[in-house]
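I am opening a notebook on a structure that is new to me.

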Amino acid sequence: MSGRRLMEGSEAVAEAAIAAGCRFFAGYPMTPFTELLEHFAERLPEVGGVCVNAESELEAVGMCWGALSTGARAATGSTGQGLSLMQESFAEAALAGLPMVIFNMARGQSDYFQATRGGGHGDYRHLVLAPMDVVEAVELTQLAFHLADKWRNPVLVYGDFLIAHSYAAVDVEPIAFESLAPKDWALDGTTSGTGRARLVTSLGIGKVHDVGPGIEAHFQAVAPHIEAIAAAEQRYEAGNVSDADYVVVAFGSAGKFVRNVVRDLRADGARVGYVRPISLWPFPYEAVHAASEGTRGVMVFENSAGQLIDDVKIAVEGAAPVVGIGGVSTDSSGFGVGDLYDVDVIRERVNHAIGTFSESGVTR
């Protein structure tokens with residue numbers, strides 16, 4: 001459906017996935033992910049695709065695995081709670097080189113460790129993209145399918161309640177990316193009965209002994225694969241960091257609110273900058289470190305008890321003090337957003353941290 005129109009975030013993300021060529025989706029309803037599943041269920045049959053409301057998250061990720069093995073663009077998703085049930089399959093998919101796209105319409109930002117560290121087994125990583133709003137979610141959803149195929153690696157799109165339920169005027173047009181190699185690994189039936197049949201596996205073995213690198217070599221190849229992704233796919237937005245006395249780091253929807261607050265503080269004469277990681281993995285360590293050098297302090301604003309702050313401390317490497325200015329904030333249901341995202345609240349917390357840094361005697 002081309003043309004600019006007002007869409008709920010979940011609908012826009014589903015349309016972006018379809019524009020990227022997604023033709024299979026499986027999931028199990030859980031707020032605030034449910035609306036995304038509903039939009040896929042409505043739209044995929046209209047474009048010749050399939051959407052399955054699975055019996056559980058376990059069945060959903062298994063169905064997605066099967067569709068991906070044929071070479072189709074396929075995806076699954078849930079909230080963080082549902083994704084917890086899928087962790088073993090996520091690890092196996094990464095080790096098997098399956099380009100799975102995963103949507104987390106999260107209840108806040110407390111799934112950061114789950115997204116960036118994972119709960120599966122083995123040496124694996126997921127690319128993780130965190131849009132700040134519906135418009136960026138449309139772009140990053142299409143990028144997710146491209147990167148998944150480019151690297152033969154799962155990509156997780158970290159959304160939230162606001163992105164799922166906010167409305168925005170967007171034009172969902174297919175984005176032209178670089179050409180990719182054909183999927184000569186896919187199980188398309190052409191090698192059946194030849195004695196050289198393909199096998200999609202996390203173990204690096206084939207149906208006969210001389211097909212596939214073998215288990216040890218397959219596992220050893222993971223490290224350079226991860227290093228290559230980390231070097232090529234770091235994404236971030238930064239503003240006003242060149243002369244900043246203080247820097248605020250935030251991601252996703254929180255990052256958009258922080259950006260607005262920083263711009264207001266700048267207008268009032270405060271030398272504050274911001275860094276918004278767009279790729280949570282690979283994390284833009286170098287960019288955060290560069291922004292922190294010479295500052296009096298770095299603040300981390302996140303809607304959690306404190307998870308992003310670990311990566312920020314790693315990035316800063318002692319170049320400046322790092323403090324958390326966020327916290328857990330939901331509505332009474334536990335699904336939505338509390339008052340933490342009020343710009344006046346954020347501004348007050350930034351100003352309080354500035355005062356604390358000043359009292360500590362840290363100088364630029």
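I began with the elements: helices (H or I, at least four residues) and strands (E, at least two) are DSSP runs, numbered from the N terminus. With those in hand, I placed asparagine 240 in the loop between β9 (236-239) and β10 (246-249).

Before going on, I noted that this is a predicted model, in which local features need pLDDT of at least 70 and side-chain atom pairs count only at pLDDT 80 or more, while totals for chains, interfaces and linings use all residues. Residues are numbered from 1 along each chain as its sequence is written, and side-chain values use heavy atoms, with hydrogens and water left out.

**Entry on the whole chain**

Along the principal axes, its C-alpha atoms fill a box of roughly 75 × 45 × 35 Å.

For burial I used relative accessible area with a 1.4 Å probe and protein chains only: buried is under 20%, exposed is over 50%, and partly exposed is in between. By that scale, 52% of the 364 residues count as buried. I then looked at contacts (heavy atoms within 4.5 Å) between residues at least 6 apart in sequence, and found that 77% of them join residues at least 24 apart.

**Entry on positive phi values**

I returned to asparagine 240, where phi is near 60°, a positive value in a residue other than glycine.

Is glutamate 317 buried or exposed? Its relative accessible area is 61%, and therefore I wrote it down as exposed.

**Entry on helix α5**

I asked myself why helix α5 (residues 87-96) is described as largely enclosed by the rest of the structure. The reason is that 7 of its 10 residues are buried; among them are Phe90, Leu95 and Ala96. Just after α5, glycine 97 takes a positive phi of about 75°.

**Entry on cis peptide bonds**

I checked the bond from threonine 31 to proline 32 and found it cis, with omega near 5°; proline 32 lies in the loop between β2 (22-27) and α2 (34-43). The bond from tryptophan 281 to proline 282 is also cis, with omega near 0°, and proline 282 sits in the loop between β12 (279-281) and α12 (285-292).

**Entry on cysteines**

How many disulfides does the model hold? Taking a disulfide as a pair of cysteine sulfur atoms within 2.5 Å, I get a count of 0. For cysteine 51, the closest cysteine sulfur is that of cysteine 22, at 8.9 Å, which is too far for a bond. Cysteine 64 is in no disulfide either, since its nearest cysteine sulfur, again in cysteine 22, is 7.9 Å away. I also noted that cysteine 64 has 0% relative accessibility and so counts as buried.
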